[in-house]
Amino acid sequence: ERDPVRLRAVSQLTSAVPGLLSGVRDLLLPVSCAGCRREAASLICGDCVAALAALTPHPVRPDPPPPGLPPCHAAGRYGGRLRELILGYKDRGRHALAGSLADTLGSVLRAAVPAPRPVLLVPVPTTAKAVRQRRGDHMLRLAPATAPRARRGGRAGGVAPPVRAPSPRGSTGRSAPGWGAVGPRAPGPRRAAGPAWVPASSVW
């Protein structure tokens with residue numbers, strides 16, 4: 001049986017290598033902002049930093065919502081600069097954006113869970129194929145950077161073990177979508193009545 005602690009350590013190690021290579025590349029090559037593509041002194045320009053800071057986290061709900069869907073919050077509409085920054089971090093090797101995106105995700109957590117209730121952030125992992133393509137799991141990298149932001153204001157908070165992601169297959173061979181495709185590791189959120197267990201995916 002695979003050791004989950006060892007697997008998590010390997011994932012974190014392999015996730016760090018692309019970030020180091022990305023940093024070296026950005027030192028040697030001209031940098032463009034990941035959010036607006038304009039030339040900048042770093043991976044994110046001042047205008048895009050301000051755009052992230054101006055986002056107002058708010059409740060969101062699909063129509064119709066899947067049965068049993070808990071309350072959901074988002075940082076903003078998935079488009080424009082926010083979309084480009086998320087894609088840059090996830091798919092284009094710009095792992096140094098984790099700090100800026102952690103600030104944004106932390107603001108969503110603080111809006112979603114009123115203080116002083118503690119928060120446990122539960123990373124929703126991507127598929128094994130996506131992890132291979134991205135050379136690591138982007139949410140497992142992002143969650144530890146987000147936890148300190150969620151604790152601002154004196155509340156307790158941390159990162160829970162990632163949920164497991166079964167892969168039901170449809171006729172096309174692709175994972176079938178739908179609420180309930182991922183679930184907390186046993187014994188699940190019911191073991192902790194106090195903290196708010198907050199699943200976090202890459203589209204907020």
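Reply: Start at Val122, which stands opposite Pro199 in strand E5. The model is predicted, so treat each value as computed. Val122 and Pro199 face each other across a strand pair. Strand E3, residues 119-123, pairs with E5 in the parallel sense. Five bridges join E3 and E5. Now look at E5 itself, residues 196-200. Is it mostly covered or mostly open? Strand E5 is mostly covered, with four of its five residues buried. Keep one rule in mind as you view the strands. In a regular strand the side chains alternate between the two faces of the sheet.

Pro116 lies in the loop between helix H4 (98-112) and E3. The peptide bond from Ala115 to Pro116 is cis, and its omega is near 5°. Most peptide bonds are trans.

One more backbone detail deserves a look. Arg37 has a phi near 70°, a positive value in a residue other than glycine. Most residues other than glycine have a negative phi. Find Arg37 in the loop between helix H1 (4-28) and H2.

Helix H2 (residues 46-53) packs against helix H3 (residues 80-91) at about 105°, with the axes 10 Å apart. That angle makes H2 roughly perpendicular to H3.

How values were computed: Residues numbered from 1 in each chain as written. Predicted model: local features only at pLDDT ≥ 70, side-chain atom pairs only at ≥ 80, totals over all residues. Heavy atoms only, no water. Axes fitted to C-alpha atoms, helices over the stretch in contact; angles between N-to-C directions. Helix = DSSP H or I, 4+ residues; strand = E, 2+ residues; numbered from the N terminus. Parallel < 35°, antiparallel > 145°, perpendicular 65-115°, else oblique. Buried < 20%, exposed > 50% of the residue type's maximum accessible area, 1.4 Å probe, protein only. Pairing = 2+ DSSP bridges.
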